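Let's take a friendly walk through a protein model, stopping at a few places along the way. Keep the sequence and the 3D view side by side as you read.

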Amino acid sequence: MGDFGRGQRQVELQDRRWRLLMRANLVVAVSIILFWVGFYTELIFPKDELARRIAHFEGYYAWESSFTLPDTILAMALFWSAFSLLRTPWHVASLALLSACSGALIFLGVLDFNYSVRNGMYLLGHPFSWMLLCLGLFLPLWGILNLCFASARLRADPDRDGLQA
């Protein structure tokens, strides 16, 4: 009886962690969209001010703005997978999509971090530099965390492990 209660508590704790992670993914997905809203409305990227600080500004602006579409697709896919996994935590297609989103988060974060280090973007003396640094560090780590959770869930067997499908 004691082992069953302990196992049930462990399952409930895992479920709470999973739900928390999926809710956080919803926030991350919305935040990606809000980043681009802030970028194009110049709330976080005042073009005139940053043009004076960024060497080859036109090239940087063209490069950075080329990520709008991929980031939007990523945000929509992340939102859909997280929302779906909140409703059906063992949905294999949603877990696969979450895994793909995790890879995209890692790739885009490392790409952004690498570009910013190599081109002095963290030395601008502007809050946008801090935002780039936070994104370049956070996105890959968030992707790795998601990938770990998704792969563990894909390996688990709800029937064998006494989990709710």
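Let's begin on the outside. V30, I33, L34, V37, F79 and F83 make up a nonpolar patch on the surface, and together they have about 500 Å² of accessible area. Two elements, α1 (2-40) and α4, each give two or more residues to this patch. Which of them gives the most? That is α1, with four residues. Please keep in mind that this is a predicted model.

One member to look at is V30, which is found in helix α1. V30 has a relative accessibility of 38%, so it counts as partly exposed.

Next come the aromatic rings. How many aromatic pairs does the structure hold? There are 19. Two of the pairs are set out here:

| Pair | Distance between ring centres | Angle between planes | Arrangement |
|---|---|---|---|
| F35 and W36 | 5.0 Å | 85° | edge-to-face |
| F39 and Y61 | 5.5 Å | 15° | stacked |

Why is F39 with Y61 called stacked? Their planes are at 15°, and planes under 30 degrees apart count as stacked. This pair links distant parts of the chain, since F39 sits in helix α1 and Y61 in helix α3 (residues 57-65), 22 residues apart. Are these residues buried or exposed? Both F39 and Y61 are buried, and F35 and W36 are both buried too. One aromatic cluster takes in F35, W36, F39, Y40, F45, F57, Y60, Y61, W63, F67, Y115 and F128.

Two members of that cluster, W36 and Y40, lead us to T68, which touches both of them, leaving out residues up to four places away in sequence. T68 is found in helix α4. With a relative accessible area of 18%, T68 is buried, because buried means under 20%. A polar atom of the T68 side chain lies 2.9 Å from the backbone oxygen of S65.

Our last stop is H91. Where is H91 placed? Look in the loop between α4 (68-87) and α5 (92-118). H91 has a relative accessible area of 32%, so it is partly exposed. Apart from its neighbours within four places in sequence, H91 is in contact with W80, S84 and L85.

Conventions:
Residues are numbered from 1 along each chain as its sequence is written. This is a predicted model: local features need pLDDT of at least 70, side-chain atom pairs count only at pLDDT 80 or more; totals for chains, interfaces and linings use all residues. Side-chain values use heavy atoms; hydrogens and water are left out. Buried means under 20% relative accessible area, exposed over 50%, partly exposed in between (1.4 Å probe, protein chains only). Contact means heavy atoms within 4.5 Å. Patches are made of residues with over 30% relative accessible area and no salt bridge: like charges are joined within 9 Å, nonpolar side chains (Val, Leu, Ile, Met, Phe, Trp, Tyr) within 5 Å. Accessible areas come from the Shrake-Rupley method with a 1.4 Å probe; for residues, only the protein chains shown count as cover. A salt bridge is a side-chain nitrogen of Lys or Arg within 4 Å of a carboxyl oxygen of Asp or Glu. A polar contact is a pair of N or O atoms within 3.5 Å; within protein, one must be able to donate a hydrogen and the other to accept it, and residues adjacent in sequence count only if both atoms are side-chain atoms. Rings of Phe, Tyr and Trp (its six-membered ring) pair if their centres lie within 6.5 Å; planes under 30 degrees apart count as stacked, over 60 as edge-to-face and the rest as tilted.
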